[in-house]
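Dear colleague,

Please find below the structure that I am handing over to you.

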Amino acid sequence: MDTGQDRTTRFRKQAVPAVLFFALVGLMFIDRPNWAVSPPARVWTRLEVPKDHNFAVSIESPLSAQRGGYLLVSGWAVAATPVVRVATIEVYVDGVLAGTTADFLARPDIAANFGRADAEMSGWQCVVAMGARSAGQHELLLNVIGSDGKRELAVTRSLTIVE
Amino acid sequence: MTLETDLNKTASSANLRGASLQSNPGRFALPAFLRRASSAAGRQADLLLALVLMVAITNLGLVLRSPTLATRVNFIDHSWAFDFVVKAQQHIWLGDKVTFTYGPLFQLASTAVVTAFGGSFGAYLRSWQLLPFWAGIVFTFLTGRLLLQGHSAWKRCFYLLALVCFWGALEVRFCFDFLAFAVALRYFDQLSQSKVLHLKSAVLVALLLLAGFLISADTGIYSLAAFAIAGAAHVVVFRNDRSALRVLLRGAAASVAAFLVLAILTAVLMPHARFSFWTNSLEVVSQYRWSLAYSMEKSVKWRLISASAVSILVLLIGYRWRDSLSSSLVRRPAFFPAAIAFSLLTMQSAIVRSDWGHVFIALLPAIALAGAVLMGNTRAERDWRGEIPLMAAFVLTAAFSGPLAWLQPMNVLAGLRIPDHPSQACPSGSFYIDDACLARHDYERLRAVSEYLRAHSTSTETVAIFPFENIYAAVARRPVAGGVLQTYQIAGERLTRRHLDGLERDRPQLAIYSADGLATVGVDGVPNFTRTPEVWLYLQSRFKKQEELAPGIAVLTRDETRLKRWRSEAVSIGKSSDSAIRLKQQVPVSLGHWCDDCDALRLRLRVSYPFWWRVTKPSVLNVVIRLADESEKAIRAVVPPNQTADIWIYPWEEAQLLKYFDENPAVWRSGRPRAPVSAVSLRFERVDWLSTTPTRVRIESVDAVRWKLDTSN
């Protein structure tokens, strides 16, 4: 026979786990960082887009190539406001369009440095063919185009081509 | 007590309850079938929850969408994971013809899932995650059933939900490891309680251990360790009970014997590898520690320390609640020492490859076992204070983790929205290949190489890949040649030999070479030539450059005469030396005159480490090269501790190594000026707080090597 005491015992045994289970189900509705997500990287440098500029852009790869060969140009680019994203990077050598990219790579370090989650996909890379350009010093320009269509000449660097 | 008897007990209690309700006609009574259904549902609530979680995480909206949009192709991880599928379609099984961390069971399961969705690259991209997710849920559910027997179904539900949705128990290998630990505990516990050995149980345990090795080499090692630890803990606890001790030892011997028989059977079923399946698996695990060690960020370090400390503390406090008569395994005296030892052991994976992804999964067993202890007692508590451990589990979960994005209700609902008319076209800005929509950069490389391979080889002809972009051949459905699936896993003499033997066996006519700095990167910053010089030299001495399909990606074709015309000459340019090592201080290498047409530097050396490097990890070795033009280059290298080994260095830009495949040797050294090497030094650095400092380095030889090709014929 099931006595009242048995029922009370069973209720006690199940009540707290059931309440906590449903509380855990409730927590599923609250968006918070999950344990599986990497802890944020330590921020060594605080970066921001310069005033009067639409974009902050950096070239990180060395700019030296062999005549007739290829050069991998890479870096990062961040727009001044989160509502605009960097859509395209154009690479010009001596004023001639030499490469373009619209693919961006995850750069959590840059996002951390800017303190902006929207800057996560800020990495870019572009392979530029040196072709028949002569050995010596050349000018490399980066043109950045935002998702709002605005263009900005972002970086000018010297490119060395060797024989 | 077995699971079956426990359920019978619960069922009979449910029947009693039914009888009680029937005997009281004044109260509301459900129809009998509804009572039976609700009672069964109550008992099996955790099983129902597991099924709900499996459906919820499947994300039908994604897995049924064809073609699949991929923001980025990962040329390392997608290369091996999709190559599994293609290899299985060609009946090439891991462990037999090809060695890798993962084994044939994992390959079979992942292929079954991807094949069910079409077997294409797109199908792989949209469904690869299903196997680890489903397996994680099933293994965690089974572990809960084993460890929390006698607990209320609500507690098992809480345990499953917390582990899967908040602590991310969605990984095949480590979820299998803690299931293996739970099974081993249960096996030895039953032996010690019943004092009767059932041969069937011994064989089942042996099968589970074998399954571990067939999933992956490290899973097998951890499963075996789980068995040994659980057995040892029971032997210690029952050391004064002679009859229990006898049956425990007999049980362990029976399982080991059954495992050995299964191991022999496995070797027999692998016609290419035979018993080397086992030696290769052990080699993969043992070489990993020095060849693929990775540093730990400070933020990861504190997470690891705090999570492991809390877990071990819970297990230590739990020891006070031990109860040899409890129906729950997590209250038995043998559980606590075994759980602490096993948790500490699995953290070895976190020590070796210390990025958060690896640390996180290595922490799973510790968190799962501590969590099981916090599920409290099996008996009803007199008041709420008895449930404090369970509340602590809730507070810890709520404080340290949010819900997994895949299982958040909003995302689950979004995933259930299946498109009525799936689009057959790729969105603007992406490009179609093999049922996937890729970004232009990835698409152009994949299309150029895979189309070339399709046009110039048959479906059975193998292709050599250097260094690791198997995905080119996989998308073209061509088998990749060699004995090791990915070259960065080749470390030590045995695996190098296996890969080269595989290349000789397969004799590919085509090879795809990706140049460092242009089309690929060195894993962990080690140039691919320096990591696997033997493979590079094998290709360079047998293949010539046919054409460059994309910047830095070249097709090489086998030249049957090249090896006969090819020569490698070593010129000794330095003296041997023996130096003590001080961290971050450079050890100069005695260097003579560098020959003008020499191509590479070869150092034969032996780095001595104290014995404890085997439970930590070695330091990083940087070879600092100073050139005559005053430029300096630091190259990261890997070297096996306490063994004599060769380090190969290309002193200039690694992208230039592609030129050495040209038929005309005059091209090899053309182009960029190559300033002679004027000085070389070695610098050792600890990668993190867990890496061991070497004591001495003995440089046995310093050679400059030049390669030649006779073109007179």
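**Interface between the chains**

Between chain A and chain B the count of salt bridges is zero, a salt bridge being a side-chain nitrogen of Lys or Arg within 4 Å of a carboxyl oxygen of Asp or Glu. Please note that this is a predicted model, in which local features need pLDDT of at least 70 and side-chain atom pairs count only at pLDDT 80 or more, while totals for chains, interfaces and linings use all residues. Residues are numbered from 1 along each chain as its sequence is written, chains are lettered from A and ligands numbered from 1 in the order in which they are written, and side-chain values use heavy atoms, with hydrogens and water left out.

The contact (heavy atoms within 4.5 Å) involves 45 residues of chain A and 59 residues of chain B. About 4,600 Å² is buried between the two chains, with carbon and sulfur atoms giving 65% of this area; buried area is the accessible area (1.4 Å probe) that two parts lose on being put together, summed over both. Of the area that chain A buries against chain B, Leu24(A), Met28(A) and Trp35(A) supply 20%, more than any other three residues.

**Disulfides**

Two disulfides are counted over all chains, taking a disulfide as a pair of cysteine sulfur atoms within 2.5 Å. In one of them, the sulfur atoms of Cys426(B) and Cys437(B) are 2.0 Å apart, and the link is left-handed, with -85° about the S-S bond. Cys426(B) lies in the loop between α20 (409–415) and β2 (430–433) of chain B and Cys437(B) in strand β3 (residues 436–439), so the pair ties together parts that are eleven residues apart in sequence. Helices (H or I, at least four residues) and strands (E, at least two) are DSSP runs, numbered from the N terminus.

Cys595(B) and Cys598(B) also form a disulfide, with 1.8 Å between their sulfur atoms; this link is left-handed at -90° about the S-S bond. Both Cys595(B) and Cys598(B) are buried, that is, under 20% relative accessible area (1.4 Å probe, protein chains only). Cys165(B) is in no disulfide, and the nearest cysteine sulfur, that of Cys157(B), is 11 Å away. Cys165(B) is itself buried, at 0% relative accessibility.

**Helix α14 of chain B**

Helix α14(B), residues 276–291, reaches 21 Å from its first C-alpha to its last. Its buried residues include Phe277(B), Trp278(B), Val284(B) and Trp290(B).

With kind regards

Note on methods. The expected span of a helix is 1.5 Å times one less than its number of residues. Buried means under 20% relative accessible area, exposed over 50%, partly exposed in between (1.4 Å probe, protein chains only).
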